[in-house]
Amino acid sequence: MGNAESSPTTPAPVINNLNPGNTVRSRSSRAAGVTNVNGTIKFVPQRKEANDDTSPLVGDRGMNVGAAGMSADIEAPVTAPIEITTQRDLLPLLEKRSQNNNEESSSSVTKRRKNATDILDCKQHEIDAPRVDKSYYVYSNVASVKGKRTCLGVMKNFLMYKLSDRHKAIGLVTLCFMIITGFIGVSSSRSSALNRITDFSDVHGSMDLKLGSIHHWCLFGGDSDCTCENPLDPDNNPDHGNFEKWSTLHRDNKDAVHEFVSTVSSQDLVFLGSSTVEGWNGTMKGKTRPRLEKPKKIFEELFTRENGGPIDALALGSYGDTSPNLLYRLLHGEMPEYLNPKIWWLVIGTDDLRVKHCSEEVVIMGIIRNVEEILYQKPGAKIVINGLFPTADNERGNLIKYWRPTQTINRELRKFAKKHDRVDFVDHSRMFIDRDTIGSKTQKVNLEMTEDGVHLNSVGYRMWGEAVQLEAVKFLV
């Protein structure tokens with residue numbers, strides 16, 4: 001291949017060993033011919049118009065040299081073809097252009113010289129080894145021109161230019177899979193921790209109950225996001241915060257004990273609990289409520305012999321009480337020596353769960369603590385633990401966040417009762433669930449049996465009272 005020459009007015013043919021089609025698709029192709037003969041680069045500048053010696057050079061804004069569209073600005077007079085035998089021959093041209101341009105600073109010249117040197121280094125490397133994969137030079141040149149000679153720059157350019165779309169897709173899918181797997185693992189670990197329940201079925205005395213066996217105090221994890229009391233200690237600070245009203249109701253219950261013992265011929269059953277039990281007396285927080293007049297009549301009908309019932313019963317309830325509140329009441333007058341019913345019917349734990357947000361273990365331990373206290377003080381008595389009722393999370397009656405913990409508590413209390421001869425467990429949950437939703441993922445409370453999805457109305461009291469009466473009679477036989 002020979003050298004290509006041209007006159008100042010006649011365009012010169014372009015010969016490029018790096019372009020098999022002998023076509024230069026850069027700006028320099030319109031301004032000059034570039035040839036490579038035995039390692040020598042020839043640059044032939046041209047005028048914009050053949051008949052105008054004063055017209056500016058077409059290529060006065062530079063010559064495109066190297067891969068990836070990198071360029072060096074060159075300005076040269078219209079003379080014979082310029083031979084560049086080495087890479088450094090191009091530098092004087094750059095310096096001359098910089099000197100003629102008064103607006104350019106010395107720092108710009110230094111930067112321009114450095115870029116030109118880098119470009120020529122990459123170009124010469126490409127000429128010396130034309131058979132090597134061009135993607136290497138693209139990646140190398142871009143890194144050089146942008147000045148990113150760090151590990152981060154190399155890796156970035158490698159990922160941008162070397163990896164195929166398929167590899168990128170595989171990497172992205174793998175990364176997403178790892179993130180999702182890690183998230184599931186963390187969620188599973190947290191769920192596993194929340195679901196760990198200590199087995200209290202082998203407890204045979206209050207001394208067997210240890211706070212250290214509680215994995216977490218709060219229903220939704222942790223130990224600080226709830227207001228649980230110590231389930232093993234009596235507490236006289238009810239959640240509604242009105243100690244005076246609570247104390248008044250506590251005194252009323254003690255008076256009811258005296259009256260019950262002095263009027264009935266047989267102490268058959270005593271209910272112990274919170275608002276559900278207090279409702280049997282027609283009161284809430286110690287005050288008579290019109291909506292509870294029917295439940296009071298139902299109680300008298302089912303649980304007093306004077307009104308035709310098969311047994312005599314007493315209801316000792318207090319609105320909002322938790323297991324520690326009940327324990328305090330039992331230890332301070334509501335379980336005197338002269339009160340000895342055949343059955344103690346325990347209805348407690350809902351406020352520990354819903355109001356205090358105590359974990360299942362704390363609720364279970366508090367209930368068992370009351371059971372063990374009664375067993376200790378009344379050796380001949382029988383205790384029936386009434387399972388927690390299903391309670392709605394909203395006005396539509398949906399069973400969501402409290403239903404599963406309720407089931408767990410009832411299951412563990414059943415296990416405990418099976419291992420104790422004087423303890424029984426009854427569960428009336430199904431009668432309070434909407435029959436059309438039983439077994440489905442969206443179970444609901446039967447709103448026809450409750451006032452607000454939590455507290456029973458007269459229909460609910462009737463259904464529950466009749467079930468308790470039948471079971472109590474069986475226990476007494």
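**Entry 1: helix α12**

How far apart are the end C-alpha atoms of helix α12 (residues 403-418), and what should its 16 residues span at 1.5 Å a residue? I found the end C-alpha atoms 23 Å apart, which agrees with the 22 Å that the 16 residues should span. The expected span is 1.5 Å times one less than the number of residues.

I note that this is a predicted model, in which local features need pLDDT of at least 70 and side-chain atom pairs count only at pLDDT 80 or more, while totals for chains, interfaces and linings use all residues. Residues are numbered from 1 along each chain as its sequence is written, and side-chain values use heavy atoms, with hydrogens and water left out.

I then asked which residues of α12 are buried (under 20% relative accessible area; exposed is over 50%, partly exposed in between; 1.4 Å probe, protein chains only). They are Trp403, Pro405, Thr406, Thr408, Ile409, Asn410, Glu412, Leu413, Phe416 and Ala417.

I looked at Pro405 in helix α12 separately. Pro405 counts as buried because its relative accessibility is 7%. Beyond its neighbours within four places in sequence, Pro405 is in contact (heavy atoms within 4.5 Å) with Leu219, Leu353 and Glu360. Leu219 is 186 residues from Pro405 in sequence, yet their C-alpha atoms are 8.2 Å apart.

**Entry 2: the chain as a whole**

I counted 13 helices and twelve strands in the protein chain. These are DSSP runs numbered from the N terminus: helices are H or I with at least four residues, strands E with at least two. Of the 477 residues, 46% count as buried. Among contacts between residues at least 6 apart in sequence, 65% join residues at least 24 apart.

**Entry 3: the nonpolar cores**

Which residues touch the most other members of the largest nonpolar core? Of its 44 residues, these are Leu272, Trp344, Ile367, Ile368, Val371, Ile385 and Leu413. Such a core is a set of buried Ala, Val, Leu, Ile, Met, Phe, Trp, Tyr and Cys residues joined through side-chain atoms within 4.5 Å. Helix α11 gives the most to this core, with nine residues. I also recorded another core apart from it, of 26 residues, among them Leu456, Trp464, Val468 and Ala472.

Helix α11 is itself mostly covered, with 16 of its 18 residues buried. From first C-alpha to last it reaches 26 Å, close to the 26 Å expected.

I listed the contacts of Ile385, leaving aside neighbours within four places in sequence. They are Leu346, Ile367, Val371, Leu413, Phe416, Val423, Asp424, Phe425 and Val426.

**Entry 4: two loop residues**

Is Ser274 buried or exposed? Ser274 counts as buried, because its relative accessibility is 7%. It sits in the loop between β6 (269-273) and α7 (275-278). Not counting residues up to four places away, Ser274 touches Gly317, Ser318, Tyr319, Gly320, Asp321, Val347, Ile348 and Asp351.

Ile400, in the loop between β11 and α12, is exposed, with a relative accessible area of 55%. Outside four places in sequence, I found Ile400 in contact with Asp393 and Asn394. Lys441 is 41 residues from Ile400 in sequence, at 9.4 Å from C-alpha to C-alpha.

**Entry 5: pocket and cavities**

On a 1 Å grid over the protein atoms alone, a cavity is a set of points where a 1.4 Å probe fits but cannot get out; a pocket is an open set with protein on both sides within 12 Å along at least five of seven lines; lining residues have an atom within 4 Å of a point. Points are joined across faces, edges and corners, and a volume is the space filled by probe spheres set on them.

The largest pocket holds about 680 Å³ of space. Of its 26 lining residues, Glu259, Asn281, Phe299, Ala313 and Leu314 are the closest to its centre. At least two lining residues come from each of α6 (243-263), α8 (293-303) and β9 (313-317), and α6 has the largest share, seven residues. By class, I noted ten nonpolar, eight polar and eight charged residues. Nonpolar here means Ala, Val, Leu, Ile, Met, Phe, Trp, Tyr, Cys and Pro; charged means Asp, Glu, Lys and Arg; the others, Gly among them, are polar.

I counted three cavities of 30 Å³ or more. The largest has about 50 Å³ of space and is lined by Ser275, Thr276, Met284, Arg291, Leu292, His455, Leu456 and Tyr461. That lining has four nonpolar, three polar and one charged residues.
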